Amino acid sequence: MQTIRNEFLTVQISEHGAELQSIRDKNTNTEYLWQGDPAIWGRRAPVLFPIVGALHNGEYSYAGKTYQMGRHGFARDRDFAVVQQSADEVIFELNDDAESRKIYPFAFNLRIRYALLGNLLKVRYYVTNPSKTEPLWFSVGGHPAFNTGLGQTSGTAQDYLRFSPKKSRVTIPLGEGGGADLQERTLAPTDVDLAITDKLFAHDALIYELAGENTVSLRQENSEHRVELTVKDAPYIGIWSQYPKTGPFVALEPWWGIADPVGHDGQLTHKLGMHQLAPEEQFTAKYRIGIF
């Protein structure tokens, strides 16, 4: 376990999956990150790589061969190395190996940087193609889940989501098998606050298309406490909680990728949201978590 801290926050990250384990306000001792419960959802903030979402029939084809891979890829279940650390910053690294090549036939280097700046936790992904001859196809994303009830009020105080800027956004429903149903894309009223109810996630995650800088905040009425996730260049954000055993958490997920569309042909190079890196090129993506 690695710990970074400053005068505002203490953050813990596990080498297993380079997964956030705790985001705690040092002044109030409030824990903002969901702490996991195997009876509901045992993870806390998995890293999504080298795919985001589900594959059609759980498999894909590349260069004439077919491979199987689970939802959101395998990085969340691998041990990362710590390659750099200071009091308020840590960088984790994962490279391809013989095991990864069995299900993902690419050379890759994935680095994840966690750094504190005031009341912000800044997260950055670096994906590098170390090959001198072959392209690298991938998606990447975050999946941090945050506790509801941040105001610590009793009774029936409503948890809700607020979007900024206040405007409508295109939403993509998930169809059978977790595929993105592009034919049913609609305009969602994200210009108003969205109450978190028991039925909000009855059809799995809420997925929105993004453009420019966007902030989604998890709040509770009558409270100033909140968590904000801000992303500038992600094409999608997923918002999710377990259903029907809805846990006291909501995941805010910046995605540089998305699940296979319904009826996808299975070709990795045709997969929506995939990024192609030429030999020795690097891709970067970032988001930040604000604690208030």
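**Close-up views of a predicted model**

Gly-290 in β23 is the bridge partner of Glu-228. This pairing is a friendly place to begin a tour of the structure, which is a predicted model.

**View 1. Strand β19 meets strand β23.** Strand β23 runs over residues 282–291 and pairs with β19 in the antiparallel sense, through five bridges. Look for Glu-228, whose partner in β23 is Gly-290. Strand β19 itself spans residues 226–231.

**View 2. Strand β19 meets strand β18 in a hairpin.** Strand β18, residues 214–220, pairs with β19 over six bridges, again in the antiparallel sense. Here Glu-228 of β19 is the bridge partner of Ser-217. Five residues separate the two strands of this hairpin, and Asn-222 in the turn has a positive phi of about 65°.

View 3. How many of the six residues of β19 are buried? Six of the six are buried. One side carries Arg-226, Glu-228 and Thr-230, while the other carries Val-227, Leu-229 and Val-231. Arg-226 has a ring to look for too: its charged end sits over the ring of Phe-292, 4.1 Å from the centre of that ring.

View 4. Thr-230 belongs to strand β19. Why does Thr-230 count as buried? Its relative accessibility is 7%, and buried means under 20%, so Thr-230 qualifies. Setting aside neighbours within four places in sequence, Thr-230 is in contact with Glu-213, Asn-214, Thr-215, Tyr-287 and Arg-288. With Thr-215 there is a polar contact between the two side chains, at 2.7 Å. Arg-288 is 58 residues away from Thr-230 in sequence, but their C-alpha atoms are 5.4 Å apart in space.

**View 5. Aromatic rings form pairs.** The structure holds 18 aromatic pairs. Take Tyr-60 and Tyr-67: their ring centres are 5.3 Å apart and their planes meet at 20°, so this pair is stacked. Both of these tyrosines are buried. Ring pairs also link Phe-49, Tyr-62, Phe-74, Tyr-104, Phe-106, Phe-108, Phe-138 and Phe-283 into a cluster.

**View 6. The largest nonpolar core has 69 residues**. Which residues touch the most other members of this core? They are Leu-20, Tyr-104, Tyr-114, Leu-121, Ile-239 and Ile-289. Strand β23 supplies the largest share of this core, with five residues. A second, separate core has 16 residues, among them Trp-41, Leu-48, Ala-180 and Trp-255.

**View 7. Ile-289 and the residues it touches.** Not counting residues up to four places away in sequence, the residues that Ile-289 touches include Leu-20, Ile-23, Asn-119, Leu-120 and Leu-121. Pro-144 and Phe-146 are also among them.

Methods: Residues numbered from 1 in each chain as written. Predicted model: local features only at pLDDT ≥ 70, side-chain atom pairs only at ≥ 80, totals over all residues. Heavy atoms only, no water. Buried < 20%, exposed > 50% of the residue type's maximum accessible area, 1.4 Å probe, protein only. Helix = DSSP H or I, 4+ residues; strand = E, 2+ residues; numbered from the N terminus. Pairing = 2+ DSSP bridges. Contact = heavy atoms within 4.5 Å. Polar contact = N/O pair within 3.5 Å; in protein donor to acceptor, adjacent residues only side chain to side chain. Phe/Tyr/Trp six-rings, centres within 6.5 Å; stacked < 30°, edge-to-face > 60°. Lys NZ or Arg CZ within 6 Å of the ring centre and 35° of its normal. Core = buried A, V, L, I, M, F, W, Y, C linked by side-chain atoms within 4.5 Å.
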